[in-house]
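Please take a moment with the sequence and the structure before I go through them.

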Amino acid sequence: MIKGTPELIAERREEIVNACESLYQSMNFKDITLKEIGKVTSFSRPTIYNYFQTKEEIFLALYEREYARWNEDLVQIINDNEILSKEQLAEKIAKTIENRKQLLKLLSMNNYDMEANSREEFLVSFKRAYGQSKENIRACLKKFCPEMTEKEGKDFIYIFFPFMFGIYPYAEVTEKQKKAMEKAEVDYVYLSIYEITYRCLLRLLGIE
């Protein structure tokens, strides 16, 4: 049982997630350990176990927060606009994706292992944020593309959300990868996160 007020518990969990996020800017997932996270928090590593049992749970909390931030962006599109053309809708959604590079990076990881090594309470909380993003995209389609059928809306979601898993590794290519592609003589067009997302959205909306 975690001791402390709900406010203190939330504050400490947030500090742990912030520490993980900070490390993730310069370190790989496999190199980030609870020990490393403990070094950049205001309390000892053993204390972390009171709030998260595995590093996967911490990453899942970070993952959830990224979906929550994306949800805020999507809700803003819905609330701030009365009418949008399909091109304008594609542009605005693509911009929200461009601003969520960390979400895309997390999506490109092995989600199966992350979820498998997290307790159900964390997984349920994460799934709520993920599910809300699907609902927000569905709301965008209903408001700005009222001519779309229910099936077309479902098809859009079940194509676009899996598509998101591949955006980061395709757009964020390292110099080492570029050299390897050149030596392998692989024809490759480098596109930005926005360009990849925008082109996909246009096709899903029936523009291209």
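Predicted model: local features only at pLDDT ≥ 70, side-chain atom pairs only at ≥ 80, totals over all residues.

How many of the nine residues of helix α11 (residues 175-183) are buried? The number is zero, so helix α11 lies largely in the open. Here buried means under 20% relative accessible area, exposed means over 50%, and partly exposed is in between, with a 1.4 Å probe and protein chains only.

Residues are numbered from 1 along each chain as its sequence is written, and side-chain values use heavy atoms, with hydrogens and water left out.

Let me begin with the overall picture. The protein chain has 12 helices and zero strands, where helices (H or I, at least four residues) and strands (E, at least two) are DSSP runs, numbered from the N terminus. Along the principal axes, the C-alpha atoms of the chain fill a box of roughly 55 × 50 × 25 Å, and of its 208 residues, 41% are buried. If we take the contacts in the chain with a separation of 6 or more, residues 24 or more positions apart account for 75% of them, a contact being heavy atoms within 4.5 Å.

Returning to the end of α11, we find that Glu 185 follows this helix and lies in the loop between α11 and α12 (193-204). Glu 185 counts as exposed, because its relative accessibility is 73%.

Leaving aside neighbours within four places in sequence, the contacts of Trp 70 include Ile 97, Leu 103, Ile 137, Phe 160, Phe 161 and Met 164.

Another buried residue to look at is Leu 106, which lies in helix α6 (residues 101-107) and counts as buried because its relative accessibility is 0%. Leu 106 and Phe 29 are 77 residues apart in sequence, yet 9.3 Å apart in space, C-alpha to C-alpha. Beyond four places in sequence, Leu 106 touches Tyr 24, Phe 59, Leu 62, Tyr 63, Glu 66 and Asn 111. Asn 111, in helix α7 (residues 111-116), is itself buried at 12% relative accessibility, and with the same exclusion of residues up to four places away it touches Tyr 63, Leu 106 and Phe 165.

Next come the aromatic rings. Rings of Phe, Tyr and Trp (its six-membered ring) pair if their centres lie within 6.5 Å, and planes under 30 degrees apart count as stacked, over 60 as edge-to-face and the rest as tilted. By this rule the count comes to 17 aromatic pairs. In one of them, the rings of Phe 43 and Tyr 51 have centres 6.5 Å apart and planes at 45°, so the pair is tilted. Both partners are buried, with a relative accessible area of 9% for Phe 43 and 3% for Tyr 51. Tyr 130 and Phe 161, by contrast, form an edge-to-face pair, at 6.0 Å centre to centre and 85° between the planes. This pair links distant parts of the chain, since Tyr 130 is in helix α8 and Phe 161 is in helix α9 (residues 150-164), 31 residues apart. Tyr 130 is partly exposed at 26% relative accessibility, whereas Phe 161 is buried at 4%.
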